[in-house]
Amino acid sequence: MKERIILCDADDVIENFMDCWVAALNEEYGTHISSQDVTDWDVSLFFPELTREQVFAPIYNAGICSKLDKVDGCYEVLKEIDSRHTLRIVTATHYANCEPKISRILGLYPFLSWEKFIVTSHKQLITGHTLIDDAPHNLVGGLYKGILFSRPHNKSFDAESAGLTRVFSWDDIGRILLT
């Protein structure tokens, strides 16, 4: 058995889901929003001319998964974490996208296997030593050390007050988990 259990979110931690979501909306509706402009969890706030149904439709379209790409700096650090620890990718992916998203992630990170994935919208039920996630609501209340991966949509969250460690890059994660 490896030393520790490291839990890691998928969307916007190891792959660029928000970039793909915003790009899909821009392409469909001719808008010009950058994913960096989305500074709140409610993405519909940044597309006021669209209905909530229009804004959220791309996340239920399996085609969005084919456009996912690695988050900068993630590959080598995640691979090293996997070699030293028990790594699990814990995602709240909608059931309609599980197969295409996991397949795409396995293509991006060939050292992973499908057995390393846990799909749940209740991450606090999962046991591990550390969870890396961009969603504060997944980190608060869990029986693990929470590492908040900083993204524009969570920048207003006070990680320190919640007892979380905010990181800005995979190099930061490597310094915490690999040294």
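Q: Which residues lie nearest the centre of the largest pocket?
A: Asp-11, Phe-17, Trp-41, Ala-92 and His-137 do, among the 26 residues of its lining. A pocket is an open set of points on a 1 Å grid over the protein atoms alone, with protein on both sides within 12 Å along at least five of seven lines, and lining residues have an atom within 4 Å of a point. This is a predicted model, where local features need pLDDT of at least 70 and side-chain atom pairs pLDDT 80 or more, while totals for chains, interfaces and linings use all residues. Residues are numbered from 1 along each chain as its sequence is written, and side-chain values use heavy atoms, leaving out hydrogens and water.

Q: Which helix gives the largest share of that lining?
A: Helix 1 supplies 3 residues, the largest share. Helix 1 (17-29) and helix 5 (136-139) each give at least two; helices are DSSP runs of H or I with at least four residues, numbered from the N terminus.

Q: What volume does the second largest pocket have?
A: About 190 Å³, where a volume is the space filled by probe spheres set on grid points joined across faces, edges and corners. Its lining includes Cys-20, Glu-27, Pro-58 and Lys-67.

Q: Changing topic, how many cavities of 30 Å³ or more are there?
A: There is 1, a cavity being a set of points where a 1.4 Å probe fits but cannot get out. About 50 Å³ of space lies in the largest cavity.

Q: Which residues line the largest cavity?
A: Among them are Asp-12, Met-18, Arg-151 and His-153.
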